[in-house]
Amino acid sequence: MKTAVYPGSFDPATNGHIDVIERALRLFDKVIVAVGDNPGKKPTFTIEERMGMLKESTKHLNNVGIDSFSGLLLDFVKGKDSKIIIRGLRAVSDFEFEFQRALLNRVADGDIDTVFIMTKEHYVYLNSSIVKEMAMFGGKVSGLVPEIVEKRLKEKFSKT
Ligand code: PNS
């Protein structure tokens with residue numbers, strides 16, 4: 001049973017993230033999507049809200065677990081009996097940041113590897129921030145995010 005952990009902020013999940021989960025499931029028996037806080041970002045949705053949206057958006061898939069973590073990613077991965085971290089790669093601009101983190105994690109624990117999965121071409125330009133910006137100013141985000149995320153974005157930004 002090969003389990004991989006797909007960590008991220010998922011604030012909120014986009015169709016690019018869901019595509020990476022679907023692709024990872026072709027390579028691994030189980031994928032645990034782990035919602036964590038990136039200390040460099042101020043989240044829009046709470047961890048619980050992000051997990052709820054991910055649960056709803058992956059209900060068509062088997063062998064996906066939605067979890068959260070705080071502290072070091074490595075400790076979470078090891079606690080799940082896994083040695084694999086999944087990260088999505090969109091463009092070369094992602095590479096340097098991801099390369100540094102993957103190597104740092106491997107220096108900290110030589111058993112851990114990071115597997116990069118390229119998102120579907122259609123979603124290469126997508127990230128959570130750009131989707132939030134669109135939604136905040138009343139732009140259309142259908143087709144960019146799962147339906148539940150579209151709904152929650154509307155609710156969130158109609159209040160502010
Ligand atoms: O979607 P993001 O914002 O790129 O996700 C970043 C996340 C949450 C995966 C990253 O910040 C993380 O791993 N945080 C846990 C703290 C940690 O282990 N830091 C050292 C990594 S080298």
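A pocket, as used here, is an open set of grid points where a 1.4 Å probe fits, with protein on both sides within 12 Å along at least five of seven lines; its lining residues have an atom within 4 Å of a point. The model on screen is predicted.

**The largest pocket**

Start by selecting G8, S9, N38, R87 and F97, which lie nearest the centre of the largest pocket. Sorted by class, the lining residues are 18 nonpolar, 17 polar and 11 charged.

Next, colour the elements that each give at least two residues to this lining: β1, α1 (15-27), α3 (73-79), β4 (84-89), α4 and α5 (128-136). Which of them gives the largest share of the lining? Select α4, which supplies 9 residues.

**The ligand**

Now show the ligand, which sits in the largest pocket. Two elements give two or more residues to the shell around the ligand: β1 (3-8) and α4 (92-108). The largest share of this shell also comes from α4, with 3 residues.

Display the whole shell, which has 13 residues; S9, N38, K41, L73 and R87 are the closest. By class, the shell holds 5 nonpolar, 5 polar and 3 charged residues.

- S9: an N or O atom of the side chain is 2.5 Å from a ligand oxygen.
- K41: a polar side-chain atom lies 2.7 Å from a ligand oxygen.
- N38: a polar side-chain atom lies 3.0 Å from a ligand oxygen.

On its own the ligand has 550 Å² of accessible area, and the protein covers 85% of that.

**Two backbone stops**

Most residues other than glycine have a negative phi, and most peptide bonds are trans. Two places in this model depart from that pattern.

For the peptide bond, go to D11 and P12, which are joined by a cis peptide bond with omega of about 0°. P12 is in the loop between β1 and α1.

For phi, go to N63. Although N63 is not a glycine, its phi is positive, about 65°. Where is N63 placed? N63 lies in the loop between α2 (47-57) and β3 (64-68).

Terms used: Residues numbered from 1 in each chain as written. Predicted model: local features only at pLDDT ≥ 70, side-chain atom pairs only at ≥ 80, totals over all residues. Heavy atoms only, no water. Near = heavy atom within 4 Å. Polar contact = N/O pair within 3.5 Å; in protein donor to acceptor, adjacent residues only side chain to side chain. Areas by Shrake-Rupley, 256 points an atom, 1.4 Å probe, with all protein chains shown as cover. 1 Å grid on protein atoms, 1.4 Å probe; cavity = no way out; pocket = protein on both sides within 12 Å on 5 of 7 lines; lining within 4 Å. Sits in = over half its atoms within 2 Å of the grid points. Helix = DSSP H or I, 4+ residues; strand = E, 2+ residues; numbered from the N terminus. Nonpolar A, V, L, I, M, F, W, Y, C, P; charged D, E, K, R; others polar.
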